[in-house]
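I wanted to write down each term with its cut-offs as I went.

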Amino acid sequence: GGAGIAPLANGDSKICELQKMYFLPAIRGKGAGAEMMHKCLNFAKQEGFEKCYLETMPYMEHAQKLYARSGFRKLEGPLGDTGHYNCSVWMIRDL
């Protein structure tokens, strides 16, 4: 599995984006996602970001549950210009 943090493309400089958070099916449901999320959010905060944004797909319900447990809330529309035009679920949280 893996994930990353980057500045939000064409967005507010105080907002980062959680990117490419994916895990193989064999490791899902074992806490790896929560651990990776914790590491990514701590890194983002250390880098001086104030908010973390993400985009996902509606069918990724398990991922959305992890994001909600991690403090993310849904937005009505996208932020920045990430190029992820097929993603129609947008979420953000304060750091």
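I began with residues 1-95, where the chain is 25% helix and 31% strand and the end C-alpha atoms are 23 Å apart; helices (H or I, at least four residues) and strands (E, at least two) are DSSP runs, numbered from the N terminus. The UniProt record, an unreviewed entry, places the feature "domain: N-acetyltransferase" at residues 1-95, and such annotations may be inferred rather than shown by experiment.

I noted that this is a predicted model, in which local features need pLDDT of at least 70 and side-chain atom pairs count only at pLDDT 80 or more, while totals for chains, interfaces and linings use all residues. Residues are numbered from 1 along each chain as its sequence is written, and side-chain values use heavy atoms, with hydrogens and water left out.

**Helix α1**

I checked the length of α1 next: at 1.5 Å a residue its 15 residues should span 21 Å, and its end C-alpha atoms are 21 Å apart, which agrees. The expected span is 1.5 Å times one less than the number of residues.

I then asked which residues of α1 are buried. They are Ala32, Gly33, Met37, Cys40, Leu41 and Ala44, where buried means under 20% relative accessible area and exposed over 50%, with partly exposed in between (1.4 Å probe, protein chains only). These residues cover an arc of only 155 degrees around the axis, which puts them on the same side of α1; the arc is that of the directions from the helix axis to the C-beta atoms. On the other side of α1, I found His38, Lys39, Lys45 and Gln46 exposed. What covers the buried residues of α1 includes β1 (2-7), β2, β3, α2 and β5. Just after α1, Gly48 takes a positive phi of about 95 degrees.

**The nonpolar cores**

Of its 20 residues, Ile5, Leu18, Met37, Cys52, Tyr67 and Phe72 touch the most other members. The largest share of this core, five residues, comes from α1. A second, separate core of five residues includes Ile15, Tyr53, Trp90 and Ile92.

How values were computed. Core = buried A, V, L, I, M, F, W, Y, C linked by side-chain atoms within 4.5 Å. Contact = heavy atoms within 4.5 Å.
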